[in-house]
Amino acid sequence: GTVPTGGSGTGGARPPTTGEVIFIELMPNPDQLSDENAEFCELKNISSAVLELQGCLLTDADPSGDEAAITGSVRINPGEIVIFAKVDNPALNGNLPNVAFAFGTDYALANSGDEAQLECSGQLIDSVAYTSDWPYDTGASMQLRSTNQTAIDNDSAANWCTATATYASGNLGTPGTDAGHCM
């Protein structure tokens, strides 16, 4: 896939530490698109440093569960958002813009609840454990409120809302931006 800020090597970028990159949007159950193609999660660099996610892991909390290793360079500037998706094929994924990492079958977001975790150098950077009571639905992602973009705040269902903007095939979400997130 394409890396939003491109370039090879770290170029002064460093791996993130706890809480510097957070999950801000999750799409566990796309509609009219296959879960195997169109699930995605969105991460944001809330630090003031340029960060490199190569070598980090996208996992769930189950030790024998999903684990996708980020093999290519994914450089993320301060305030920048990156999309991790099942596939980097716009015809299959709902025209997701600039997929930074395609996790394929190595990782999945369960429709009934799951965990989204980013680990780098053995350190947990951010984790969101959601249940079916969280604000998402078939074809609608859940988005972290613009006023609650921290690694602590994204642990609470009260700080998330159901997406209302259409992005593809009737699906609701704002992949690639947090401009449409609820306040």
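Reader: Which residue stands opposite leucine 43 in strand 7?

Author: That's valine 82. Strands here are DSSP runs of E, at least two residues long, and helices are runs of H or I of at least four, all numbered from the N terminus. Bear in mind that this is a predicted model: local features need pLDDT of at least 70, side-chain atom pairs count only at pLDDT 80 or more, and totals for chains, interfaces and linings use all residues. Residues are numbered from 1 along each chain as its sequence is written, and side-chain values use heavy atoms, with hydrogens and water left out.

Reader: Ok. How many bridges join strand 2 to strand 7?

Author: 5 bridges, and the two run antiparallel. Lysine 44 has isoleucine 81 of strand 7 as its bridge partner.

Reader: And how many between strand 1 and strand 2?

Author: 6, antiparallel as well. Glutamate 25 faces glutamate 42 of strand 2 there.

Reader: What sheet are they in, and in what order do the strands go?

Author: An open sheet of 6 strands, ordered 8-7-2-1-11-12, with mixed pairing. Two strands count as paired if DSSP finds at least two bridges between them. Strand 8 and strand 12 (160–162) are at the edges with a single partner strand each, so one side of each has no neighbour in the sheet. From one strand to the next, the twist averages 30°. Those angles are between axes fitted to C-alpha atoms (for helices, over the stretch in contact), taken between N-to-C directions from 0 to 180 degrees.

Reader: Back to strand 2: how many of its residues are buried?

Author: 6 of its 6 residues. Buried means under 20% relative accessible area, exposed means over 50%, and partly exposed is in between, using a 1.4 Å probe and protein chains only. Phe40, Glu42 and Lys44 point one way, Cys41, Leu43 and Asn45 point the other, and all are buried.

Reader: Now the core. Which residues touch the most other members of the largest one?

Author: Phe23, Leu26, Leu53, Phe84 and Leu118, out of 36 residues. A nonpolar core is a set of buried Ala, Val, Leu, Ile, Met, Phe, Trp, Tyr and Cys residues joined through side-chain atoms within 4.5 Å. Among the strands that each supply at least two residues of this core are strand 7 (81–85), strand 8 (99–102) and strand 9. Strand 1 gives the most, with 5 residues. Apart from this core lies another one of 8 residues, including Phe40 and Tyr167.

Reader: What does leucine 118 touch?

Author: Among others, Val21, Phe23, Leu43, Leu53 and Ile125, leaving out residues up to four places away in sequence. A contact means heavy atoms within 4.5 Å.

Reader: Switching to rings. How many aromatic pairs are there?

Author: 5. Rings of Phe, Tyr and Trp (its six-membered ring) pair if their centres lie within 6.5 Å; planes under 30 degrees apart are stacked, over 60 edge-to-face, and the rest tilted. Phenylalanine 84 and phenylalanine 101 have ring centres 5.3 Å apart and planes at 75°, so they are edge-to-face. Because phenylalanine 84 is in strand 7 and phenylalanine 101 in strand 8, the pair ties together parts 17 residues apart in sequence.

Reader: Where is serine 64?

Author: In the loop between strand 4 (57–59) and strand 5. Serine 64 is exposed, at 65% relative accessible area.

Reader: Last one: what pLDDT does the chain average?

Author: 92, with 94% of the residues scoring at least 70. pLDDT is the predictor's confidence in each residue, from 0 to 100. Over residues 1–8 it is below 50. Where pLDDT is low, the predicted coordinates should not be read in detail.
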